[in-house]
Structures are given as C-alpha cells and as structure tokens.
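This report describes selected features of one protein chain. Please keep the sequence and the structure in view while reading.

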Amino acid sequence: MNTNISFKHINKLAVPALIAGIAEPILSITDTAIIGNIDSNATESLAAVGIVGTFISMLIWVLGQTRSAISSIVSQHLGANKLDKIKNLPAQAIFIITLLSVLIIFGTYPFARSIFKLYNATNIILDYSVDYYRIRVFGFPFTLFTMAVFGVFRGLQNTFYPMIIATIGAFLNIALDYAFVFGIENYIPAMDIKGAAYGSLIAQITMAILATIYLVKKTDIPLIPKFPLNKEIDKLVIMILNLFVRTLALNVTLYFATRFATGYGPAHIAAYTICINLWFFAAFFVDGYASAGNILSGKLYGETAYATLLKLSNKLIRYGIIVGIMLAVFGALFYYPLGRLFSKDPEVLSLFYNSFWLVLIMQPFCALAFIFDGMFKGLGKMKFLRNVLLCATTFVFLPVLFWLDALDYQLHAIFIALTFWIIARGIPLIIKFRKIFIPLSQKS
C-alpha cells in the first residue's frame, strides 16, 4: 500500500482541513468583531469576550484532544489494514468525552463569578463575563462531540465532510450574531453580549447535528457505544491523559497571558483580545497542514513506510514556512483595517497597532511548531509532546513573561514571551523527529 504524499494530495487533505480549522476560531472572532462595534460599553464587552474565550478555549483544548487520539489510532489501523479491530472504539470515546463535558458544566456554571475573578475581571467586565459564559458553556458538549467526530473522519483520510460541517456552522454563527447582538426591528430585540453567546450556542448545536448525520450516512463507524471496551481503549486513554497534561501546560500559558493583560486595564485586555483571536485564527489556518501531517503520518507509520514519512516531513517544513510568511505578509498589508474591524476605541486601536507586529513575526515559527505537533499526534507520540510543552511553558514562557513585565513592557512582554515559547515548542520536535526517522528510513 503506497500512500500518496504529492503536493496535490497533501493539499486535498490540507485545504478542507484548513477551512474547517479556521471555522472554529471564527466563532470567537465573530463575537469579538461584532461586540467590538456595539454602541455602549464596547470595550468592556470586548474584554469580557476575550476573558471567557480564553477559559472556554482551555476547556475545549483540554478535553478536545480526543480528536487527535482517535485520528491517530484510526489512521494507523487504516494504514495497517486493521480497521475492523477498532470500529467500536470511536463511539466509546465520544460517549466518555461527552459525559465528561456535561460534568464540566455542572462544575463551572455555579462558580463562574469566582472563576473570572481569577482572571482579574472586576465590576462590569466581570458581570459581562459571567453572563456570556453561562450561555456559551452549554455549547461545550456539542463542540467536543463534533471535534471527536472530526477525529474519526481525519483518521479515515477525509477532511471534506468536516469542512462542510464547520463552514455551515461558521456562516450560521455570523448571521445569528449579527441578528441577536444588534436585533432585527419588530422581530428580534438587541441582546448585546448575550446575543453573541446565543448565536454561538445555536451554531455549535447545528454542527453537532450535522456531524451525527454525516458519520451515520457516510461511514460504517457506529455512533452508539457497544461494550465490552475495545482493546485499544487503554492506548487511547494514555494518549488523552498525556495530551490532557500537555494542554494544561498550554493553558497555563494562556491564563497568565490573559491575566497580565487584564491587569493592565480594560483597553489593554481589549487590544490583547483582538491580537490573540487573530493569532488563534492564524494557528487554525496553519492547522490545515498540521492536519494533513497528522492524517498522513499516522497512516504511513501504520504502513511502516518510514522513508516516505521522512519525505513528508521535509515537504511540510517547506509548506509551513511558506504559509507562515504568507500569513505575516497578509497581516502586514491589512494591518490597520484589521484593527478597525474589531474596535473603534482610539486607545484600544493604538495598543493593538503597537503590538500586532509581534504576532506577525512569530507566524513562520508557529507554522513549524503546529505542523510537527500534528505529525507527532499522528504517530501517537503524545508523551514527548507533553514533555516539550511542559518545558517550554515552565522554563521559557513564564520566566520571559515575568522578566519583561517587571521591565514594564506590558503587552509586548506577553507577545515576546509567546514568540520564545513557540520557538521552544517547535525546534525539539523537528530534532526528535529526524533523530528517530532518518535511521529508520535508511533501513526500510
């Protein structure tokens, strides 16, 4: 079995995954853009969306790692022509993760005010954060369910159906946000920040329904869990636990970044919110090629096609650098219109323009780090991913952030620390990958 790694085939996987990937942060970016343009308390509302968005992203990333684990196992078994042995595994994983997400709702909903106080939110920003979260949180199980189904499709080398689902969800969210935030005369009252939360919730539910329909209609993978547990469940759980710890480290990074930005004042957290949402957008854009690396590396690893796997990594390094530079150039060309898209506040815009260039500089490094993240996930080597991110956060991001904050660099401190953090994530992955697969490719 020869897996195709041509430019055409990589893009056949990457482009739909890219579109599906950018649809995810569009949920937050849409809220950010529309909320930033309301007539009253726009800066405070924008700050609240940024704080809640960071916390929700933390929850999704912590539990959403099921997608990568499912994709890895499915793609490796597909490559080894043993797919029948794990057909009941995805349904069991989806059931477990959805149940955990419901428990998260019960565990956070009553304590929303205390949670966002930890992010330095006070007064009206705290009130808005609580209001927004107590609606958005009910979309959590639907999002995790959809992400897990996407993992099944990725493992089956299919990124087209996730693209369709995610695109519908993104456009629906844009339309609902606009209608609910500003209102439609005689039909829908203006709900401001709560309207944005309702729009996102309905979009998430719709995507989960579509994911169910596509999985049932287009694959022979069952959605109803059947027991006993699959023999691969232990491997899946270990992968998820390693990714869980890894994602906690990632969210320590985002927590401190958001907490420091909030402590600088409402205008700073608003400017940070715009920057970080555009950073997320770029990250999910690159995730298209990371997904291709994830999908193909798992299948090639299952086939023991190590020489082809090494060639794939070399191609993806080139593509990653090109995509990262393209993103940076695009951001530079539309530097000022991007700011005005999200806010009209002169102070917020000034802070944004003074910081966004750092987000652009880090894009090529982000591309390499994210692509090799994807490849290591496809290989199932989650333990090494965990250790790299723990070291990058503990020994690079936090020391640099506290040092530069003490020098009063404010938002610059956050984004310079993030740049060094990204570099510390990417370089060890590239070195480790080549150390493993150059010798193996010479033997195969």
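Ser313 counts as buried, because its relative accessibility is 0% (buried means under 20% relative accessible area, exposed over 50%, and partly exposed in between, with a 1.4 Å probe and protein chains only). Ser313 belongs to helix α12, residues 306-333; helices (H or I, at least four residues) and strands (E, at least two) are DSSP runs, numbered from the N terminus. Leaving aside residues up to four places away in sequence, Ser313 touches Phe372, Met375 and Phe433, where contact means heavy atoms within 4.5 Å.

Ser72 is also a buried residue, with a relative accessible area of 0%, and lies in helix α3. Not counting residues up to four places away in sequence, the contacts of Ser72 are Met239, Lys377, Gly378, Leu379, Gly380 and Met382.

## Basis and confidence of the model

This is a predicted model, in which local features need pLDDT of at least 70 and side-chain atom pairs count only at pLDDT 80 or more, while totals for chains, interfaces and linings use all residues. Residues are numbered from 1 along each chain as its sequence is written, and side-chain values use heavy atoms, with hydrogens and water left out.

The mean pLDDT of the chain is 88, and 97% of its residues reach 70 or more; pLDDT is the predictor's confidence in each residue, from 0 to 100. Where in the chain is confidence lowest, and where is it highest? The lowest mean, 76, is found in helix α1 (residues 7-35), and the highest, 96, in helix α17 (residues 382-406).

## Helix α3 against helix α11

Helix α3 (residues 66-79) and helix α11 (residues 266-303) have axes that come within 7 Å and cross at roughly 45°. Axes are lines fitted to C-alpha atoms, for helices over the stretch in contact, and angles run from 0 to 180 degrees between N-to-C directions. The angle makes α3 oblique to α11 (under 35 degrees counts as roughly parallel, over 145 as roughly antiparallel, 65 to 115 as roughly perpendicular, and the rest as oblique). The crossing of α3 past α11 is right-handed; a crossing is left-handed if the near helix is turned anticlockwise from the far one by less than a right angle, and right-handed if clockwise.

On the α3 side, the contact is made by Ser71, Ser75, Gln76, Leu78 and Gly79, and on the α11 side by Asn294, Ile295, Gly298, Lys299, Tyr301, Gly302 and Glu303. These residues of the α3 and α11 contact comprise 3 nonpolar, 7 polar and 2 charged (Ala, Val, Leu, Ile, Met, Phe, Trp, Tyr, Cys and Pro count as nonpolar, Asp, Glu, Lys and Arg as charged, and the others, Gly among them, as polar).

## Helix α2 against helix α11

Helix α2 (residues 42-63) packs with α11 at an angle of about 40°, and their axes are 8 Å apart. The two helices, α2 and α11, are therefore oblique to each other, and their crossing is left-handed.

From α2, the contact involves Thr43, Leu46, Ala47, Gly50, Ile51 and Trp61; from α11, Pro266, Ala267, Ile269, Ala270, Thr273, Ile274, Phe280 and Phe284 take part. By class, the contact of α2 with α11 has 11 nonpolar residues, 3 polar and no charged ones.

## Two asparagines with positive phi

Most residues other than glycine have a negative phi. Asn123, in helix α6 (residues 123-136), has a positive phi near 50°, and is exposed, with a relative accessible area of 62%.

Asn186 has a positive phi near 75°. Asn186 is located in the loop between α8 (160-182) and α9 (192-218), and counts as exposed at 75% relative accessibility.
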